[in-house]
Amino acid sequence: MYRLIISDFDGTLRRSDGTVGENTLEAIRAFLRRGGVFAICTGRMTASILPIARELKLPGLAVSFQGGTISEIETGKRIFEAPFAREDAISITRKLEELGHHVHIYTEDEFYCNVDDPYLHMYEDIVGVKGKIEPCLHRFISESGRKILKIIAMVRTEDKLPVYEQFCELFGERFYVTYSAANLVEITPKGQDKGTALCFLADYYGIDPKDSIALGDNWNDAPMLE
């Protein structure tokens, strides 16, 4: 009945033990054999999701940074990328640092953090990528000239919703604010979300969006479910 399935990864395709079930993989393979298109759409950075997609032997494209980047799985070639304007990335990061948050910023292939703490180590274990410590992130953005694709604050689980509401108040008019997992509040450029990613993939493959299914488990999945 459907030609495109687009799925979130953590909490949806990925089980709590860190694996993807063999029954799920076989269902995906059967769908692909029938001519369907399957794609992962995740908030993870590209360097985290591409090795997993290759290990799972998935063909085609993978979406990372919540729609901020779309890449060929096999070659790693980026076919779409939407970073922040540099001044915007500097402004957001400076404000988060002033508020005392544990902050991550993401470039094309790396991420940088302003503190070295247990939250960072937990996150590194999950995504399989080591962060680099930069005590003053907004200065790093200014001096390095690196493109920034996503900015997050790592918070205590009980603080996630209050921080999300605060960020919506501070940044929601100009940027996309969302949350995922138990302790991540995320900011990306306006208009770059999993919904726009689904529409991009549908157009790329010549598929009507009504002939698609989206799967997700968290608030950052809402745009593609809608």
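1. Basis of the values. The model is predicted, and local features are reported at a pLDDT of at least 70, side-chain atom pairs count only at pLDDT 80 or more, and totals for chains, interfaces and linings use all residues. Residues are numbered from 1 along each chain as its sequence is written, and side-chain values use heavy atoms, with hydrogens and water left out.

2. Overall fold. The protein has 8 helices and 12 strands, where helices (H or I, at least four residues) and strands (E, at least two) are DSSP runs numbered from the N terminus. The radius of gyration is 17 Å, close to the 17 Å that the globule rule gives for 226 residues, so the protein is as compact as a globular protein of that length; the radius is taken over C-alpha atoms, and the rule is 2.2 Å times the number of residues to the power 0.38. Along the principal axes, the C-alpha atoms fill a box of roughly 55 × 35 × 35 Å.

3. The largest pocket. The space in the largest pocket comes to about 440 Å³, and of the 26 residues that line this pocket, Asp-10, Ile-126, Ser-180, Ala-181 and Leu-184 are the closest to its centre. A pocket is here an open set of points on a 1 Å grid over the protein atoms alone, where a 1.4 Å probe fits, with protein on both sides within 12 Å along at least five of seven lines, and lining residues have an atom within 4 Å of a point. The volume is the space filled by probe spheres set on the points, which are joined across faces, edges and corners.

4. Lining of the pocket. At least two lining residues come from each of α4 (118-127), β9 (150-154) and β11 (184-189), and α4 gives the largest share, 4 residues. By type, the lining of the largest pocket divides into 8 nonpolar, 9 polar and 9 charged residues, where Ala, Val, Leu, Ile, Met, Phe, Trp, Tyr, Cys and Pro count as nonpolar, Asp, Glu, Lys and Arg as charged, and the others, Gly among them, as polar.

5. Salt bridges. The structure holds 20 salt bridges, each a side-chain nitrogen of Lys or Arg within 4 Å of a carboxyl oxygen of Asp or Glu. In one of them, Glu-124 pairs with Lys-130, with the closest N and O atoms 3.4 Å apart; Glu-124 is buried, at a relative accessible area of 7%, whereas Lys-130 is exposed, at 63%.

6. A linked network. Glu-81 and Arg-78 meet through their side chains in a salt bridge of 3.3 Å, N to O, and both belong to a network of salt bridges that also takes in Glu-108, Asp-109, Glu-110, Lys-132, Arg-146 and Lys-147. Glu-81 is partly exposed at 24% relative accessibility, and Arg-78 is partly exposed at 30%.

7. Arg-33 and Glu-26. Arg-33 lies in helix α1 (residues 22-33) and forms a salt bridge with Glu-26, the closest N and O atoms being 2.9 Å apart. Arg-33 is exposed, with a relative accessible area of 60%, while Glu-26 is partly exposed at 35%.

8. Positive phi values. Most residues other than glycine have a negative phi. Lys-57, however, has a positive phi near 60 degrees; this residue sits in the loop between α2 (46-55) and β3 (61-64) and is exposed, at 71% relative accessible area. Ala-181, also one of the residues closest to the centre of the largest pocket, has a positive phi near 50 degrees, lies in the loop between β10 (175-180) and β11, and is partly exposed at 40%.

9. A proline in a helix. Pro-162 lies in helix α6 (residues 160-171) and is partly exposed, with a relative accessible area of 47%. The C-alpha atoms of Pro-162 and Leu-201, which are 39 residues apart along the chain, are separated by 33 Å.

Notes:
Buried means under 20% relative accessible area, exposed over 50%, partly exposed in between (1.4 Å probe, protein chains only).
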